[in-house]
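Please read this briefing alongside the sequence and the model.

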Amino acid sequence: MNDSGLPGHGPSTIPIFMRRPGASDAVLLVHGYTGFPGELGYVAEALFRAGHTVYAPRLPGHGTDRADFMATGARDWIRRARDAYLELASEYGRVRVVGHSMGGAIAVILAADYAPDRVALLAPAVDIADRRLALAPLLGRIAPVIRQGLAPSPEDAEGERLRLHEEYRKDLLVRQAGELTRVVRRARAALPRVRSRLLVVSGELDETVPASAAARISATALQSPEIRLETLKGAGHLFPFLAEGRHDCARLVEEWFSE
């Protein structure tokens, strides 16, 4: 928090809302855990150029600072996405959804609740590679934060991403990791109710969301009339906004929504 007691702010706090004049449909984009709307900016711009209104809200506690983040949880994140979907649905005849990582899990929940005709899931966190996450709900009650002082990854080494590393990723935020597991569990429970057509895009080198996530969706979302699986060669988990993958990711999503 800054001296005013308000959450920190910067470029990462700004939602993306680009209205396409005359558009009859809109696309809701949901960012991931500890992420922010700008991470989906490349995909959003491609969809806007293709004729869609696009909206990427900021999930509560994200893109600001640690104190703000620690005051939120799974219910807040899911509720914000639901509110955003309903806001768009009140104005547009058709709303579709894109979600990355935890945002992909939230997109599954929205698909089960509102049945949009098409949904794009980018590295959807219905499975997570780090098995320690299962312990987070219990451990987080005892140790909400474990100080680690981790150095930033190359992606977080400068600018706004370095600021966010200091707030969100330098230490292990155990209690919030427990909230992430709650989103994952709710998404898994929602999969059998999904009736939307699904595009699932995975990164070949993703060490966060394993290949089993796409397999789980294929095996569980049995009411979906179509599930298309795509893998981006040489891409890791952050492919929606890194050079290794963002172009192909945006192309796949744009083509999916043009059918």
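The points below are grouped by topic.

This is a predicted model, in which local features need pLDDT of at least 70 and side-chain atom pairs count only at pLDDT 80 or more, while totals for chains, interfaces and linings use all residues. Residues are numbered from 1 along each chain as its sequence is written, and side-chain values use heavy atoms, with hydrogens and water left out.

**Cavity**

- The count comes to 1 cavity of 30 Å³ or more, a cavity being a set of points on a 1 Å grid over the protein atoms alone where a 1.4 Å probe fits but cannot get out.
- The largest cavity has a volume of about 30 Å³, where grid points are joined across faces, edges and corners and the volume is the space filled by probe spheres set on the points.
- Its lining consists of A123, P124, S202, D206, V209, P210, A213 and A214, lining residues being those with an atom within 4 Å of a point.
- This lining divides into 6 nonpolar, 1 polar and 1 charged residue, with Ala, Val, Leu, Ile, Met, Phe, Trp, Tyr, Cys and Pro counted as nonpolar, Asp, Glu, Lys and Arg as charged, and the others, Gly among them, as polar.

**Nonpolar surface**

- L139, I142, I146 and L172 make a nonpolar surface patch of about 330 Å²; patches are made of residues with over 30% relative accessible area and no salt bridge, and nonpolar side chains (Val, Leu, Ile, Met, Phe, Trp, Tyr) are joined within 5 Å. Accessible areas come from the Shrake-Rupley method with a 1.4 Å probe.
- L172 is found in strand 7 (residues 172-173), strands being DSSP runs of E with at least two residues, and helices runs of H or I with at least four, numbered from the N terminus.
- At 33% relative accessibility, L172 counts as partly exposed, a class lying between buried (under 20%) and exposed (over 50%).

**Salt bridges**

- The whole structure holds 24 salt bridges, each a side-chain nitrogen of Lys or Arg within 4 Å of a carboxyl oxygen of Asp or Glu.
- R82 forms a salt bridge with D113, with the closest N and O atoms 2.6 Å apart. Because R82 lies in helix 3 (residues 74-89) and D113 in helix 4 (residues 102-114), the pair ties together parts that are 31 residues apart in sequence.
- R163 pairs with E160 in a salt bridge, the closest N and O atoms being 2.9 Å apart, and these residues, 3 apart in helix 6 (residues 159-169), are separated by about one helical turn.
- Salt bridges that share partners also join R118, R197, E226, R228 and E259 into one network.

Definitions and conventions:
On a 1 Å grid over the protein atoms alone, a cavity is a set of points where a 1.4 Å probe fits but cannot get out, and a pocket is an open set with protein on both sides within 12 Å along at least five of seven lines; lining residues have an atom within 4 Å of a point. Patches are made of residues with over 30% relative accessible area and no salt bridge: like charges are joined within 9 Å, nonpolar side chains (Val, Leu, Ile, Met, Phe, Trp, Tyr) within 5 Å. Buried means under 20% relative accessible area, exposed over 50%, partly exposed in between (1.4 Å probe, protein chains only).
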